[in-house]
Amino acid sequence: MKSILIPLMASVAIAAAASGATAAPNVVVSIKPVHSLVAAIMQGVGEPQLIVDGAASPHTYNLRPSNARTLEKADLVFWVGPGLEAFLQKPLEALASKATVVELEDAKGLEKLPFREGGPFEAHDHGEEGHGEHEGHAEEAGAHDHGNDHGHDDHEHGAYDTHLWLDPANAKAMAQEIETALITADAGNAAIYQANTKKLIDDIDALDTEIADTIKPVKDKPFIVFHDAYQYFEHRYGVKTAGSITVSPETVPGADRVSQMQEKVRQLGATCVFAEPQFEPKLISVITEGTAAKSATLDPEAATLEPGPDLYFKLMRGIAGSLKDCLS
């Protein structure tokens, strides 16, 4: 028996040494789009854990006891930052004190766009339900006043839009930041992380070209969105958002706001009004009533998608496909 076990143990040791792989760190990620990028880079090493799962939104999420236990065991945590996942700020300090926390809104090479005012959107309405001071606004087609972020110093989501992943160039910058953090935490698997990141970036470049081709036939047609989450997508591909329904995704818009958006659909000839899966869909039918506008759904936070390395690509193709189908 001994003579059999020794060669067997030796062969296992040789295989382990040849692979060069080490145990994966315990990685936790806040939201699905970022989790997808991390999962793609960790393929062959391990699987990251996700905080905001299912159809939940980071705008309205409450941390669960199971999330708290996950954070306590984390070696590495990825999140966009307090501007998006405000619910995580204190738990990260209290529960993940031993973990390395990577705030991806600080990634090198990101393009950050400030919240928008002017153009076909209303000026900020400081009187409506106490939330008008922090509504996102779109400029006229193709024009983005990046210098106009006055009045947002105390904005609950920071001075700029945090839906950064909706520009593939930003997704690549985030991927490189993720790669660096993983290699720092787990140098033994550096070669795998590097190879996976290179493939991910190549795939995102191909996706970028594909989406531009998908959007091209409808890029000049105006549409209304549930909330102003899409300016990175607009900025990248030149599509025309004419307005947003809600002041903030956490707050149901008042009757005045709904009336204003009904009039805007008529005035601007918006051809489609888009809901989001996590929020009140009845508002869409109210706003489109009596107009020729169609309705559809956009899912910027991947509420309807299963987590995994392919989610980011499904998310971006889903937005492009919904825009093309509804605006055609």
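Predicted model: local features only at pLDDT ≥ 70, side-chain atom pairs only at ≥ 80, totals over all residues.
Is Phe279 buried or exposed? Phe279 counts as buried because its relative accessibility is 10%, and the cut-off for buried is under 20%.

You are in the loop between strand S7 (272-275) and helix H9 (282-288).

With S7 still selected, bring in its two partners. On S5 (residues 222-225), which runs parallel to S7 and is joined to it by two bridges, find Phe223 opposite Cys272. Then pick S8 (residues 294-297), which is parallel to S7 with four bridges between them; here Ser295 stands opposite Val273.

Carry on from S5 to S6. These two strands also pair in the parallel sense, over four bridges, and Ile224 has Gly243 in S6 as its bridge partner.

Zoom out for the whole sheet. Its four strands lie in the order S6-S5-S7-S8, forming an open sheet with parallel pairing. S6 (240-244) and S8 are the edge strands, each pairing on one side only. Ignoring direction, neighbouring strands are turned by 30° against each other on average.

For the last stop, select helix H8 (residues 255-268). H8 lies across S5, S6 and S7, and runs at about 155° to S6.

Conventions: Residues numbered from 1 in each chain as written. Heavy atoms only, no water. Buried < 20%, exposed > 50% of the residue type's maximum accessible area, 1.4 Å probe, protein only. Pairing = 2+ DSSP bridges. Axes fitted to C-alpha atoms, helices over the stretch in contact; angles between N-to-C directions. Contact = heavy atoms within 4.5 Å.
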